[in-house]
Amino acid sequence: MSTENPQNELPAPRRAIKSFVLRQGRLTSAQQNALESHWQDYGIDFSEQPLDYSALFGNDNETIVEIGFGNGDSLLQQAIRQPQYNFIGIEVHGPGVGHLIHNANTQNIHNIRVIRHDAVDVLTQQIADDSIQQLQLFFPDPWHKKRHHKRRIIKPAFIELIGKKLKTSGFFHMATDWQHYAEHMLDEMDQAEAFRNISGEGHYSQNKGARCETKFERRGIKLGHDVWDLIYEKR
Ligand SMILES: C[S@@+](CC[C@H](N)C(=O)[O-])C[C@H]1O[C@@H](n2cnc3c(N)ncnc32)[C@H](O)[C@@H]1O
């Protein structure tokens, strides 16, 4: 007698491989307070409805989305330097989200919002196609062990997804301090028909554009790592 699936149940759906492992991390009282008192000003709840940026920000400025902003210091700095844009940061790590909301609130910065959820779901469901001017991915988890490479966020399905979300002539800016991941980004992105490498095929960017120094970048530099920026234009 076969013991396989005796009640004809459908197999459980396979969980998609995530690009992060959620670290619990303790919230400081300032972060906790920011999440409780200022979520309504800065937070966007995850939902399956595409966002209306004009309603959200009260203007028609172009929108820049950053994935995995960490503690958000560089994103906030950029939002201050570029008041002509609206910024949406997506991050799963609670203390980082609280840290950014706390600092945005104390510095009275209003062209920034945050979503605490998996960026792949957010892009798929909550970001409309052809709606964003720039997407930023700075120092994503490198998952440097070979058996973990499948967790890297840069992969063909993700590249196809962001190609749908960016406007024509919008930009995708990546940076990493892991040479092997930089090479992987360059290979995968140079092959993507929806994108043009603004530095020329096979080349890294000579400058870091509007990117401000991030916490993980500083950490990498202290360890003696180099930094590679890659900037692509959506065709
Ligand atoms: C190595 S850290 C870099 C943080 C920051 N960009 C910096 O340079 O300091 C990567 C961050 O991406 C976040 N992350 C990874 N995958 C994510 C996803 N699918 N959605 C949202 N955040 C993600 C992690 O929680 C982590 O904070």
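1. In this note a residue is called buried when its relative accessible area is under 20%, exposed when that area is over 50%, and partly exposed in between, using a 1.4 Å probe and protein chains only. The model is predicted, so local features need pLDDT of at least 70 and side-chain atom pairs count only at pLDDT 80 or more, while totals for chains, interfaces and linings use all residues. Residues are numbered from 1 along each chain as its sequence is written, and side-chain values use heavy atoms, with hydrogens and water left out.

2. W143 counts as buried, at 17% relative accessibility. This residue lies in the loop between strand 4 (132-138) and helix 6 (156-165), where helices (H or I, at least four residues) and strands (E, at least two) are DSSP runs numbered from the N terminus. Although W143 is not a glycine, it has a positive phi of about 40°.

3. S169 also deserves a look, with a positive phi of about 70° although it is not a glycine. S169 is found in strand 5 (residues 166-176) and is partly exposed, with a relative accessible area of 36%.

4. Setting aside neighbours within four places in sequence, I154 is in contact (heavy atoms within 4.5 Å) with L137, I159, F172, M174, Y181, H184, M185 and E188.

5. I44, in the loop between helix 1 and helix 2 (53-57), is buried, with a relative accessible area of 6%. Beyond its neighbours within four places in sequence, I44 is in contact with W39, L51, L56, I88, R113, V114, I115 and Q126.

6. Helix 1 (residues 29-42) packs against helix 4 (residues 94-106) at an angle of about 65°, with the axes 8 Å apart; axes are lines fitted to C-alpha atoms, for helices over the stretch in contact, and angles run from 0 to 180 degrees between N-to-C directions. Helix 1 is therefore roughly perpendicular to helix 4, a term that covers angles of 65 to 115 degrees, with under 35 roughly parallel, over 145 roughly antiparallel and the rest oblique.
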